[in-house]
Amino acid sequence: MASVGGTALTYETLTWDVPADAGYGLGDLRAAQRQAGRYEAAVPASIAGLAVSLPAAVLAAAEEASHEIARFDAGLGDEIAPFAAVLLRSESAASSNIENLTASARAIAEAEALGDTGRRNAALIVSNTDAMQAAVALADQLDDSAILAMHAALMRRSDPAAAGHWRNEQVWIGGGTFGPRGAEYIAPHHTRVPRAIDDLVAFTRRADVPALPQIAIAHAQFETIHPFTDGNGRTGRALIQAMLRHKRLTRQITVPVSAGLLTDTSAYFGALGAYRDGDPAPMVERLSEASLLAVANGRQLVADLRSIRREWDTRITARRDSAVHRVADLLLQHPVFNAQLLRRELGISTGNARRYIDPLAAAGVIVEFTDRTRNRAWRAPEVLSALDAFAARAGRRSRSS
């Protein structure tokens, strides 16, 4: 039996006051006034010294998932460079999709490669990629500053004032706009956030808890603390990636765990609810299942991209030692590109870029999608289709209410 009670929330009674100078219209003022009064805010359990006791079957599933993650990471051998970038972006897109932020692989690639911020969702997903990169880079120094840095990378474009700062206000999930009363979940009062994060960090540093259960519990605790005004879910899933690297389950790549969580979001949010009721086992089970799904999907994506790249070689007529093939390799990482990207990534001068682009276009590997003589850009449709197929396999089969 799981250790029921160890992660259970308690509650404190607080008072919600209606701001006198909020400038409400008459209807809004009445709605706001109905929110005035007492409400119950969550008080997270301390987990720094939590006795983690899980059913044998749950521990066995977590161990199996841990081995599969490590095997997937090791199995890419010397092909890390292209696939590490692709898998990280795929994880970022899936994590964003859990928050109902969706975009096609092409839109995401254009936003990243060309700085196209006209499509909001794609731009937000690119910011989530930045957060994932920060999470991996900071994995060896995982502390409160690292978490703030992940959030800063995520939110610096969409909400620069709040990016990288603990919240200084009460937040809640569900319910109304004007106050927390009647909300589905009322997060801890903001004054509790710094101490709760310190407690969480202390838990992540323990060496006596199996890795995947520890990661699942840390993620659930982070979402329970809800330390930011926005971006908690995406930052919390970036924390999963940081801990996978910190615990050495991954050493080279990002396993797209969010793609596994996405397959059943109701189960994911239900597991968070069970954790807050005192039972961490469902969250460990969900993360284990999501990891296995992610590895299977990730392997299929890698196989698809390898097949595409081999097939290109049958169509490209350039000599084997030509930089044309280096550009083709780069397309697996950057399926949308321009001459400036080739200069930055491969050192190919802008003036010489067409020498290497034209043979790929002639072979049908890339197509131009800009209608201009300057700042031209190209895309690799087959790579983008493989990325969209990955997202379709992840699929959101069930939605949380």
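**Two helices, side by side**

Guide: Let's start where the two helices touch: Ser127, Asn128, Asp130, Ala131, Ala134 and Ala135 in H5 meet Ala149, Met150, Ala153 and Leu154 in H6. Keep in mind that this is a predicted model. Two packed helices are described by the angle between their axes and the distance between the axes. For this pair, H5 covers residues 120-137 and H6 covers residues 144-155, and they pack at about 160° with their axes 7 Å apart. Angles over 145 degrees count as roughly antiparallel, so H5 is roughly antiparallel to H6. The crossing of H5 past H6 is right-handed.

Now for the surroundings. UniProt, in an unreviewed entry, places a "domain: Fido" feature at residues 142-289. Over that stretch the chain is 55% helix and 3% strand, and its end C-alpha atoms are 25 Å apart.

Leaving aside residues up to four places away in sequence, Gln221 touches Pro44, Ala45, Ile47, Asp199, Leu200 and Tyr275. Pro280 is 59 residues from Gln221 in sequence, yet their C-alpha atoms are 9.8 Å apart in space.

Last stop: the largest nonpolar core, which has 103 residues, with Leu212 and Leu360 among those with the most contacts inside it. Helix H12 (residues 281-313) gives the most to this core, with 12 residues.

Definitions and conventions:
Residues numbered from 1 in each chain as written. Predicted model: local features only at pLDDT ≥ 70, side-chain atom pairs only at ≥ 80, totals over all residues. Heavy atoms only, no water. UniProt positions renumbered as here; feature names shortened; annotations may be inferred. Helix = DSSP H or I, 4+ residues; strand = E, 2+ residues; numbered from the N terminus. Contact = heavy atoms within 4.5 Å. Core = buried A, V, L, I, M, F, W, Y, C linked by side-chain atoms within 4.5 Å. Buried < 20%, exposed > 50% of the residue type's maximum accessible area, 1.4 Å probe, protein only. Axes fitted to C-alpha atoms, helices over the stretch in contact; angles between N-to-C directions. Parallel < 35°, antiparallel > 145°, perpendicular 65-115°, else oblique. Left-handed = near helix turned anticlockwise from the far one by under 90°.
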